[in-house]
Amino acid sequence: MLVIGPYLRVRAGSADTQTESHVLRDAQARLDEAAGLARAIDLVIADAIIAPISQIRPATYIGKGKVEEIAALANSLDVELVVMDCALAPIQQRNLEKELQAKVLDRTGLILEIFGRRAKTKEGSLQVELAHLNYQRSRLVRSWTHLERQRGGFGFMGGPGETQIEADRRLIQERISKLEGELKKVQATRRLHRAGRQRVPYRVVALVGYTNAGKSTLFNRLTRADVQAADMLFATLDPTLRALSLPHGGKAMLSDTVGFISNLPTQLVAAFRATLEEVLEADVILHVRDISHEDAEAQQSDVDAVLRQLGINPDDSGRIIEVWNKIDRYGAEQREELLNIAARRPEDHPAMLVSAVSGEGIDALLAAIEERLAAKRTTLDLSIDAADGAGISWLHRNAEVLAKELHDGRFDMTVRVDETKRDIVVNRFDAVPRVA
């Protein structure tokens, strides 16, 4: 296969269609990422080239001369697939396939292929299929001879029926409607699971970040789980929840989510909204960054953009903790420089330096998570009759019991509760807030 990077030239001070992250990245880094996406589904790359363009052509995205140049290269290499690292309109894709005499796949189609390969659970498969159908629906162009008008009615007198394209669109729409119905059931099930967790004093911590930032490796390190973690783009697709033990004995639920990427197809953001609801509902969000990557700043910009699409403010310092992962790739001098950079950050926007591989910085990260979770809760002191088994049981189910001592037939307890349950505990058990 052949990978083409048709990137617009960026002029200083000019306003063009490029995103901020694209301006931060150089063309070679973007091409390398596209090649990495292709390798993620075991495609053999014959060549990868940058095709700088001054403007987007409505018919073929790139100019006629560049099309002829790529066609000659594709023919000489005898490639069957050409990947364009951009979003192609259906007509552009069709025209390029005619000119290049090869199958053409754009960035959206390539990411959808990867997601289709990675999905393991029924939910993940439903989400990928829905995104793929929404993408494919716009690709039903009159490209093949069999898409001619069918005859309708009975016998030879029937009037013109629907075209094959219309029939295909109708079938796709019917399947989309069915999938959306099944995903609504998934959302309802997830809401029930969240409601169940909310009845127990477990808070949710979600991992987000650019694909291959090391989220799954960090997830395994924090929870001692065995989630697949590999040095490839989108190694993990299906979401996972595991219990997270905090330094002072408390518990939380840690959620690992699908990695983000620049130009993440809108079809996927919409289809995976049920999965990403875990992020929306999370008390604390860990934004995991591969701080050793040359495009770390651009990747942060891409993740922030997706968070905004989900309705989450990436600058919410009370909820988001920035985690600088893979510091094990630095020498002592570079690591010291990173520590100095992190130390100069505002107190309300700290950066936690960790290595998910070696475990360095994990204790400090857990302490920071516990501190953020505690900030959202109130600590109360109370005394309860030891015979009040129902009340004691309720406290254990709905609050975090920090201390419990028996004196003269009564339990002196210190508990930590959400603001939503604070008044209930105060009124029922005559509890008083602990003075700091």
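The report below goes through some of these pairs one by one.

This is a predicted model, in which local features need pLDDT of at least 70 and side-chain atom pairs count only at pLDDT 80 or more, while totals for chains, interfaces and linings use all residues. Residues are numbered from 1 along each chain as its sequence is written, and side-chain values use heavy atoms, with hydrogens and water left out.

A search of the whole structure finds 15 salt bridges, a salt bridge being a side-chain nitrogen of Lys or Arg within 4 Å of a carboxyl oxygen of Asp or Glu.

| Pair | Closest N and O atoms |
|---|---|
| R107 and E33 | 2.7 Å |
| E69 and K66 | 3.4 Å |

In the salt bridge between R107 and E33, R107 belongs to helix α5 (residues 107-118) and E33 to helix α2 (residues 27-39), so the pair ties together parts that are 74 residues apart in sequence. Helices here are DSSP runs of H or I with at least four residues, numbered from the N terminus. R107 is buried at 5% relative accessibility, and E33 is buried too, at 13%, where buried means under 20% relative accessible area, exposed over 50% and partly exposed in between (1.4 Å probe, protein chains only).

E69 and K66 both lie in helix α3 (residues 64-77), 3 residues apart, which puts about one helical turn between them. E69 is partly exposed at 45%, and K66 is partly exposed at 22%.

Elsewhere, salt bridges with shared partners join R289, E297, E322 and R345 into one network.

Methods. Helices (H or I, at least four residues) and strands (E, at least two) are DSSP runs, numbered from the N terminus.
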